[in-house]
Amino acid sequence: MNKEERIPLLETRDLKKYFKTGAGMLHAVDSINIKLYEGETIGVVGESGCGKSTLGRTILKLIEPTSGDIIFNGQNISKLGTRAMRQLRTEMQIIFQDPYSSLDPRKSVIEIISEYMMIHRIYRTRREAYNRAAELMELVGLARRYADVYPHELDGGRRQRIGVARALSLNPKFIVCDEPVSALDVSIQAQILNLLMDLQEELNLAYMFVTHDLSVVKHISDNIMVMYLGTCVEFASSDALFEKPLHPYTQALLAAIPEPTLESRNHPFKLIKGEVSSPIDPKPGCRFARRCEHCMARCTEETPEYIETLPGHFVACHMVNGK
């Protein structure tokens, strides 16, 4: 069965999230359309403040969307209330960026991992929940001797393993990974990434992997979406995006990836110059225009269409699409 015949586990249609400010409406997420299938990973990349974390939280309805549809497992959940969403929480979870601040310092490891199971009454007794939590500790590579210790007694890598185990405790189908390795040392990052990929293969999980690190997202993602000031400027498979980036912003991001070679010392470092446009009540035109070296007059007047330029490769750019 090809992808066109499969039903997406997650789909967003013209999803928007605006925040009211004293100066106007801040367009944090603006008209995002994605499809994510079981067992796959979509990477969401962009600079800080581009709206990628807000997108993940809006999809989970931790933040209510302003408009648009969120289709999860064939059901439109965008208008569901608190009670109906609580039933869906077992199928969609999140791993947070900071493994320390996201864990309750007053609870032991076994209590943290079993907490969701107790809230949702997955098991009848605390002992059953603790037994399952112990199994999850083993699954994510946490020795059982840490069951009764507290988060402050552990390093960042072990704390994040607790976060992963907690997210898995309800047997979800979809997990938002909100920069889960950015607060960790490089060597620990690789361990957590490999753990997430192993768990995905074993449990057929679907991930939305939010990050600003393009080298990380290439390692784990099937498809990558590049966001800029709330909008999607380019979407393609991981291989296609790195082989042939089309949008000038994507090209600039890839050019900024450091290369660990002696020859790279002589390569000029390319900076993105110009002023960042305001995301508050943005005017028509490309939001990257002020920083784009290829900017034309129409770029500041007309909003570029989001078009499939190559098979499976979408981009919003007047220069690329020629329209």
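Modeller: Let's start with a term: a salt bridge here is a side-chain nitrogen of Lys or Arg within 4 Å of a carboxyl oxygen of Asp or Glu. Keep in mind that we're looking at a predicted model.

Colleague: Fine. How many salt bridges does the count come to by this rule?

Modeller: The general idea is that side chains of opposite charge can pair when their charged atoms come close. In this model the rule gives 14 salt bridges. Take Glu302 and Arg298, whose side chains meet with 3.1 Å from N to O. Glu302 is partly exposed, at 38% relative accessible area, and Arg298 is partly exposed too, at 26%.

Colleague: And Arg106: which side chain does it meet in a salt bridge?

Modeller: That would be Asp104, at 3.2 Å from N to O. Arg106 itself is exposed, with a relative accessible area of 69%.

Colleague: Now Glu179 and Lys52. Which parts of the chain does that pair link?

Modeller: Their side chains form a salt bridge at 4.0 Å, N to O. The two sit in distant parts of the chain, 127 residues apart: Glu179 is in the loop between β7 (174-178) and α6 (186-203), while Lys52 belongs to helix α1 (residues 52-59).

Colleague: Does Glu179 count as buried or exposed?

Modeller: The cut-off to remember is that buried means under 20% relative accessible area. Glu179 has 8% relative accessibility, so it counts as buried. Lys52, at 4%, is therefore buried as well.

Colleague: On to strands. Which way do the residues of β9 point?

Modeller: In general, side chains in a regular strand alternate between the two faces of the sheet. In β9, Asn223, Met225 and Met227 point one way, Ile224, Val226 and Tyr228 point the other way, and all are buried. With 6 of the 6 residues of β9 (residues 223-228) buried, the strand is largely enclosed by the rest of the structure.

Colleague: Which strands pair with β9, and in what sense?

Modeller: To read pairing, look at how the strands run and who stands opposite whom. Strand β3 (residues 41-45) runs parallel to β9 and is joined to it by 4 bridges, with Gly43 opposite Ile224. Strand β10 (residues 231-237) pairs with β9 in the antiparallel sense, over 6 bridges. There, Val226 has Glu234 as its bridge partner.

Colleague: What about the hairpin of β9 and β10: which residue takes a positive phi?

Modeller: Leu229 does, with phi near 50°, in a hairpin that has 2 residues between the strands.

Colleague: Next, the open sheet of 4 strands. What is its order?

Modeller: Read across it and you get β2-β1-β4-β5, with antiparallel pairing. β2 (24-36) and β5 (75-76) each have a single partner strand and stand at the edges, so one side of each lacks a neighbour in the sheet.

Colleague: Last one: what volume does the largest cavity have?

Modeller: About 90 Å³, and the count of cavities of 30 Å³ or more comes to 1.

Technical notes
Residues numbered from 1 in each chain as written. Predicted model: local features only at pLDDT ≥ 70, side-chain atom pairs only at ≥ 80, totals over all residues. Heavy atoms only, no water. Buried < 20%, exposed > 50% of the residue type's maximum accessible area, 1.4 Å probe, protein only. Pairing = 2+ DSSP bridges. 1 Å grid on protein atoms, 1.4 Å probe; cavity = no way out; pocket = protein on both sides within 12 Å on 5 of 7 lines; lining within 4 Å. Points joined across faces, edges and corners; volume = space filled by probe spheres on them.
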